[in-house]
Each structure stands twice: as structure tokens, then as C-alpha cells.
Amino acid sequence: MSRDDLTPGGFANGDFSSDDDYDGLDPAEMDEYARAAALVYTELQARLGEGMPQPRLEPTRRVVELLGDVHRAYPIIHIAGTNGKTTTARLIEAILRAYGLSTGVFTSPHLVSFNERILLNGVPVRDDVLVTNWLDVKPYVELVDAELEAKGEPRLTFFEVMTILAYGTFADAPVDVAIVEAGLGGEWDSTNVADGVVAVFTPIALDHMERLGKDVETIARTKSGIIKPASMVVSAAQVPEVRAVLEEAADLTESTLTFVSTTTEPEVGNPIAVVSRAVAVGGQLVTIQGAAGRYEDIFLALYGDHQADNAALAIAAVEAFLGGASQQLEQEVLDEAFATVSSPGRLQLVAADPTVLVDAAHNPHGSLSLASALGSYFTFDDLTIVLAIFEDKDVQGIVQALAPVATRFIVTTAPSDRTRSARDLGFLVADITGDDKVVIEEDPVVALAMARGYAANSEKGAVVVTGSITLVGLTIGLAAETQGWTL
């Protein structure tokens, strides 16, 4: 694809020398770049998808080195785990940006636009910047593609190329620090070509077992691969099997390791703790003990006890990054960061009258956190859960977690070829909850309309959309585009 191929009329200026050239784009040029970015996404989708990751690092490493070691142009905070990675990344980024640092964030998957995967200073990368950087890295990607195909190996996957594009974009910006979420696992995840100065672990639980292993110990061992020699490691509270794996990995790499406490008071080896939390309008009020200081009564604009835990982990990561866990952060900085942070798709309010919340929980651990938050932070008297689940997910675990808070389930399909049929999923849900609590509707748009109808007929009725990130993304887009979905 040439530059002119990206859009029917080509670009207005044809100058790709500096991102600053595009700050004054007029609406027509912005539309051109939007179409160009969509074509880039279409081109990348032709590669092996994220459901088929390749356990390898060398192809990604080869490209980033050809690009001039773009993955070494800035320090990296590397995040692995099962749930909470994206929110933790956004919390870390918000703190560092409040300190005045220029930031880059790479997360996955996206909800509505694939630009969401690459953030510069808290904002999804602009279409013109994305297209410009793709044109810069594409020749090197194609060179390595050819080398791989000559050896009979699959060419670079979608996620490998996205990793390369993110690292290149961060170097070009440039950023002072990048916060990078591992895609799957850790040891052989393509993001692991870079060496994180801080390794962060969110809770590790069972998920993606067909790729990562059948037990949490094996999964943790794969994820522990992001720990690099003499790095700083901070971790959420973990089950004993996971904790032992992380401790072993830290010992082998001569790294420091700190855990978040499982109680409201710091413990030996677990100096970080959520000391208190209280429900507040628009979020919660938390007091957090970090490794280097205590932070009182911070307003966190996110719902759920698990988000307070993510906030404590983020504070620990920033303490490690900025001062080696020996320098207390500024309370005013934390107040600013946490009051304004957002985490799209994570207990996000997308509509009111009636209330519609979306949550990207897609495994039992995440669904338990969702159910707990719904019970603690809201007072709904009629709750309809619109549910779609992929074929490779634990339906029983997810539904058993959600059933105690649900009035009914409307079972539907997610916009993905990996989704279970609504009929098959409906039978599985009914086996757990009973037929009277299940409605089956293949079309997710119709399912959402039905759910809003149920919620509107109750004084405190609400809809929660969950089970599939792609269904959550569809709902967010529909809420933004459809009249009558108001906030």
C-alpha cells in the first residue's frame, strides 16, 4: 500500500516529516486521515488475530531494532496479570502526567476504535499520527514478514505489529515514560522485547488456559517473564501459589518485590494497603498506605473495591518508578490524577433514564469483582444483565458470579466469530439460574432495547452489559450514536 493508496485522493500535503505539521488540519484533512486510519486497521486485520498469538519474541525484536531500538528510547513500566491491567495502566499514567511527564500507554484490546490502544498524554493517538507512524514502520514489518515466510513461519501477527507501532509512536512523540500492558502471558508476549524498569502484576487467575496453562502456578510462571534483572516489582495480593512463583522470579533476577496487603493494615512483606474506602458520589473515597507514604481521603472516580486495590497498586508502581519506593508522592498530585481518571468499559455509565452500565469482565474473577461492586455501590431493584461470552470462556464461573445480583439475563451474541451462539449460551445460563430468569435474543441491538425496556419499568431499574469486550464496545458505540440514550 502506498501513501496514495491509503485514501482515494491521497493526503492534502504529502509531508510526513513531523507530527507538528498536522496540528492545523482542516475538517476535510481530518476526514482523509480518519479514512486512512480505517484502512490501516483493515490491513492489520488481515494478519493472524489476537486469538492466535505466536509464542516468540525474535520477529518483534528484529523490527524494533531495525527501527533504531525504539523500544529503548524511554523507560517502561510493564504490566501483566489477568484482570485490572488496563485500569492500573490508566491510573499509573494519570499520576505520572499529573507530575508533568509526557506519557505513552499501550493497552489491549480496544472497545470502539483501535486508536484507543495507543495513548499519548492520556488521549488516543490521532489518526494522522497513527497513519504517519504506520508508514514509517511498514517497510521494516514487510521485510521481516518476508524473512519469516522464507523460513516457513507465519508473518508478524496483528498484536506483534501493534506492539511495534506503539513502541515506534512513543519514540517519535517522544514520551518520558511508557506504560505497557502485556497482551497475553508475559514471557513470550511481544511487548516483552522491552525491559521494564518496573514490573507490575495485577491479580493472576485462571484465563486463557489453552494458551497459558491449566493452573494458576503455570500461568503465573509465564507472566513472571516480564521481570527483568535488577528491576523493581510490585504486585497485587496473590494466592499463595502465584506469590511463590513471583518471589522465585524476583530472587532469580535479583529484583525487589513488594505486595499489596490483603488487609487494611500493612503486613510484613506487604507494606501497601487500602486502609479505608467509602462510597461517594461518582466513585469512592480511599485512604492508601504506599511503600513510601500514606495518602489520606483521595477521591477516586471509579466504582468497586477492586478499583481501590488497583489504585494502591498504581501508587506503589509510581513510588517505585519515581523514587525507588523511598520518596512519598505529593497528595495534591494524587488528588488531581484520581479525580479525573477514567477507565472506559470498566463499570462505565453509558446511559441514564434508564441506567446502562458496561463492564468488560469476561472471566470468573472479573465477574466476581463486578457483582461485588454492583451490590456495594448501587441500589438497583431490578437488574437486567445483557450477556455474551466467547467459546473459550468459563460460562459456569461467570454466570455463578453474576446470578446473585441479576433479576434476569438477556443472552445474546458478541460481534466476533469467537462468540457462543445465544441459543447455546442461553441453555447453559438456564441450567444455572432457571429458565424463568433467561431471555434469548441473538441480535445484540434488540437485546439491548429489550433490557432498557425492562429497566424503564422499575423505579431503580438498570442494565449491565458484560461477558464480552466486543459486546461492551458495541454498546458504548450505540449509546453514543443513538438518540434517547442520555447521560
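Strands E9 and E10 form a hairpin with 2 residues between them, and Gly282 in the turn has a positive phi of about 85°. Strands here are DSSP runs of at least two residues, helices (H or I) of at least four, numbered from the N terminus.

This is a predicted model, where local features need pLDDT of at least 70 and side-chain atom pairs count only at pLDDT 80 or more, while totals for chains, interfaces and linings use all residues. Residues are numbered from 1 along each chain as its sequence is written, and side-chain values use heavy atoms, with hydrogens and water left out.

Ala278 has Leu285 in E10 as its bridge partner.

Gln289 has Arg294 in E11 as its bridge partner.

How enclosed is E10 by the rest of the structure? Largely, because 6 of its 7 residues, 283-289, are buried. Buried means under 20% relative accessible area, exposed over 50%, and partly exposed in between (1.4 Å probe, protein chains only).

Last, a residue in a helix. Leu66 lies in helix H2, residues 58-66. Leu66 counts as partly exposed because its relative accessibility is 31%.

Terms used:
Two strands pair if DSSP finds at least two bridges between them.
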